[in-house]
Each structure stands twice: as C-alpha cells, then as structure tokens.
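Dear colleague,

I am handing over the structure that we spoke of, and it is placed directly below this note. Please look through it first, and then read on for what was found.

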Amino acid sequence: AGLVGLASLTTGNAPPYVRMEADRLLREVAGPAAPEYDPLFGPDAEGVWATWAKAPDDGWQERARLLVLP
C-alpha cells in the first residue's frame, strides 16, 4: 500500500518537488527495475510508477529496509 501511495504522488497536480522526492524514494526501492520517468517533465501521465508499485520486483523489500528517511 505504501508503494502505491508513493507512486500516486508522481501523478496529478503534485508540485515538482513532491514528484522528485517520491521518484527518488521509489528509485531506491525499485533498484534496476525502476521505470523511465522524469519528474521534472511533468506528472507521470502514463502511470509507470503505479504499474510498478502494483507488482514490484523481487528484492524491493530489502532495498526498502535500507532507505534512510530525512
């Protein structure tokens, strides 16, 4: 549920800073399976992060444990 929530921050009218932070955290968790998306270009209109978050790759939980949150 947390991944889907984070992915939702890359869509809609979220400010660029929010999209950038959500993208950064999702990239750390996704590792090499991270989809191509540029948060500065605009919202994730194609839903690439939402698609990934619904069915993340193996190993995402271990990478999530290593996250350092501010």
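Arg24 is partly exposed, with a relative accessible area of 31%, where partly exposed stands for the range between buried (under 20% relative accessible area) and exposed (over 50%), computed with a 1.4 Å probe on protein chains only. Before going further, please keep in mind that this is a predicted model, in which local features need pLDDT of at least 70 and side-chain atom pairs count only at pLDDT 80 or more, while totals for chains, interfaces and linings use all residues. Residues are numbered from 1 along each chain as its sequence is written, and side-chain values use heavy atoms, with hydrogens and water left out.

Side chains of opposite charge can pair when their charged atoms come close. A salt bridge here is a side-chain nitrogen of Lys or Arg within 4 Å of a carboxyl oxygen of Asp or Glu, and by this rule the count comes to five. One of them joins the side chains of Arg24 and Glu21, at 3.1 Å from N to O, and these residues both lie in helix 2, three residues apart, or about one turn of the helix. Helices (H or I, at least four residues) and strands (E, at least two) are DSSP runs, numbered from the N terminus. Glu21 is itself partly exposed, at 26% relative accessibility.

Arg24 also meets Glu28 in a salt bridge, at 2.8 Å from N to O. Glu28 and Arg24 are four residues apart in helix 2, and so are separated by about one helical turn, and Glu28 is partly exposed with a relative accessible area of 36%. A further salt bridge is made by the side chains of Arg63 and Asp57, at 2.9 Å from N to O; Arg63 is partly exposed at 22% relative accessibility, and Asp57 is likewise partly exposed at 23%.

Which charged residue is buried yet has no salt bridge? This is Arg19, for which the nearest side chain of opposite charge, Asp38, is 7.9 Å away; in this account Lys and Arg count as positive and Asp and Glu as negative, whereas His and the chain ends are not counted. Arg19 is found in helix 2, which covers residues 16-30. Leaving aside its neighbours within four places in sequence, Arg19 is in contact (heavy atoms within 4.5 Å) with Leu9, Thr10, Ala14, Tyr37, Pro39, Leu40, Gly42 and Pro43.

Thr10, one of those contacts, has its place in the loop between helix 1 (2-8) and helix 2, and at 0% relative accessibility Thr10 counts as buried. When residues up to four places away in sequence are not counted, Thr10 touches Arg19, Ala22, Asp23, Leu26, Tyr37, Pro43, Asp44 and Trp49.

Gln61 is placed in helix 4 (residues 60-65) and is partly exposed, with a relative accessible area of 47%. Gln61 and Val29 are 32 residues apart in sequence and 7.4 Å apart in space, C-alpha to C-alpha. Gly31, in the loop between helix 2 and helix 3 (48-54), counts as partly exposed at 24% relative accessibility, and its C-alpha atom is separated by 7.6 Å from that of Arg63, 32 residues apart along the chain.

**The protein as a whole**

The secondary structure comes to four helices and zero strands, and from the N terminus on the elements run α-α-α-α. The radius of gyration of the protein is 11 Å, close to the 11 Å that the globule rule gives for 70 residues, so the protein is as compact as a globular protein of that length; this radius is taken over C-alpha atoms, and the rule is 2.2 Å times the number of residues to the power 0.38. Along its principal axes the C-alpha trace spans about 30 × 25 × 20 Å.

Buried residues make up 29% of the 70 residues. Among contacts with a separation of 6 or more, residues 24 or more positions apart account for 43%.
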